[in-house]
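Here is a short tour of a protein model for anyone who likes to see how a chain is put together. Have a look at the sequence and the coordinates, and then read on.

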Amino acid sequence: MEKKNIVVLFGGQSSEHVVSCMSVQNVAANINEEKYNVILVGITEDGHWVKVDSLSQVKDDTWRESKTGAVLSPDAKEKCLIVTENGSFEKIPVDVVFPVLHGLYGEDGTVQGILELAKIPYVGCGVLASAVSMDKLSTKRMVSGLGICQAAYVSVMKAELKDMDAVIAKIEKEIPYPVFVKPSNAGSSRGVTRADNRKELITGLKEAADNDRRILVEEMIVGREIECGVFGDGDSTKAPEWVRSLLRLSSMISTRNTTMRSPRPSLTRSFLTEPQSVSVRLPLRSLMQWTATAYPAWISL
């Protein structure tokens, strides 16, 4: 059987560039080379695309020295990678693309849009799901519309920080300390801080504003994080057996040390000091449909 060409994208222009370079080593090393020709394409932090000859160049961090350019053609008739070197070029047919990119310009629908234009199959979510999931405030609002329980939050615009006292008052009215302050659209670590008091909150807001004009302030949840991959959508949704079992059990989850309260649309959680068993009703079918179309979505129990 003829092997298929799979382009593995890594690096990228986001603050999580280094993380992507680590992730691709695990991904590429586990692709079945009996079925696929693995073509590594690295994107430098300033946005230059290069063809990388081997995974060893990623491991020793020399891949950026490559003199061979490589870009995906957006032409749907071609479905190819255009490789350039020494003034000449070659078109390599592409069967599938695996983006191993983290953060902006990788997980936010931009690369996915190129692949949709080119009509090249790719791993991961589509344009809308990628864009919504990358932006924390957009995710929070969509999840609220589905009735899925989540941490209480307050949204803040950078322009509002001109009146810091008013912003602090708004946050303290809604959620107690400690809180987490996050840029809405800057990955999972860049500009994220924990604030245990007003002084730290002010510092965190300023740092977040250096990374994005939209800021998320979120309550802290002490609990379990359950991460579940879901494939497909609608009637074709596929999930692990334990998720299907939960659906069969009338969408009931029993947890320990947890109770829930919902004084406003942004659901919050309080935790009991004495261990006891509490049943929590969650709209798991909505959760599955959300996760299938907008990975990653995490629910802490």
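## Contacts and overall make-up

Among the contacts in the protein with a separation of 6 or more, 61% are between residues 24 or more positions apart. Please keep in mind that this is a predicted model. The protein has nine helices and 17 strands. Of its 301 residues, 44% count as buried. The exposed surface comes to about 16200 Å², and carbon and sulfur atoms supply 51% of that area.

Let us go inside next. The largest nonpolar core has 19 residues, and the members that touch the most other members are Val 7, Leu 9, Val 41, Leu 72, Leu 81 and Val 97. At least two residues of this core come from each of β1, β2 (36–43), β4 (69–72), β5 (80–85), β7 (96–101) and α3 (110–118). Another core, of 18 residues, lies apart from the largest one, and its members include Met 164, Ala 208, Ala 209 and Ile 215.

## Helix α7

Which residues of α7 are buried? They are Leu 201, Gly 204, Leu 205, Ala 208 and Ala 209. Seen down the axis of α7, these buried residues fall within an arc of 130 degrees, so they line one face of the helix. The buried residues of α7 pack against α6 (164–174), β9 (179–183), β10 (193–195) and β11 (214–219).

The length of the helix can be checked too. Helix α7 covers residues 198–209, and at 1.5 Å a residue its 12 residues should span 16 Å. The end C-alpha atoms are 17 Å apart, which agrees with that expectation. At the N-terminal end, α7 is capped by Asn 197, with a side-chain oxygen 3.2 Å from the backbone nitrogen of Lys 199.

## Backbone details

Some backbone angles deserve a look as you turn the model. Tyr 177 and Pro 178 are joined by a cis peptide bond, with omega at about -5 degrees. Pro 178 sits in the loop between α6 and β9.

| Residue | Phi | Loop | Relative accessibility |
|---|---|---|---|
| Tyr 105 | about 60 degrees | between β7 and α3 | 44% |

## The start of the chain

Finally, where is Met 1 placed? Met 1 belongs to the segment before β1 (4–11). With a relative accessible area of 88%, Met 1 is exposed, as the cut-off for that class is over 50%. Met 1 and Lys 35 are 34 residues apart in sequence, and their C-alpha atoms are 8.0 Å apart in space.

Note on methods: Residues are numbered from 1 along each chain as its sequence is written. This is a predicted model: local features need pLDDT of at least 70, side-chain atom pairs count only at pLDDT 80 or more; totals for chains, interfaces and linings use all residues. Side-chain values use heavy atoms; hydrogens and water are left out. Helices (H or I, at least four residues) and strands (E, at least two) are DSSP runs, numbered from the N terminus. Buried means under 20% relative accessible area, exposed over 50%, partly exposed in between (1.4 Å probe, protein chains only). A nonpolar core is a set of buried Ala, Val, Leu, Ile, Met, Phe, Trp, Tyr and Cys residues joined through side-chain atoms within 4.5 Å. Contact means heavy atoms within 4.5 Å. Accessible areas come from the Shrake-Rupley method with a 1.4 Å probe; for residues, only the protein chains shown count as cover. The expected span of a helix is 1.5 Å times one less than its number of residues. The arc is that of the directions from the helix axis to the C-beta atoms. A polar contact is a pair of N or O atoms within 3.5 Å; within protein, one must be able to donate a hydrogen and the other to accept it, and residues adjacent in sequence count only if both atoms are side-chain atoms.
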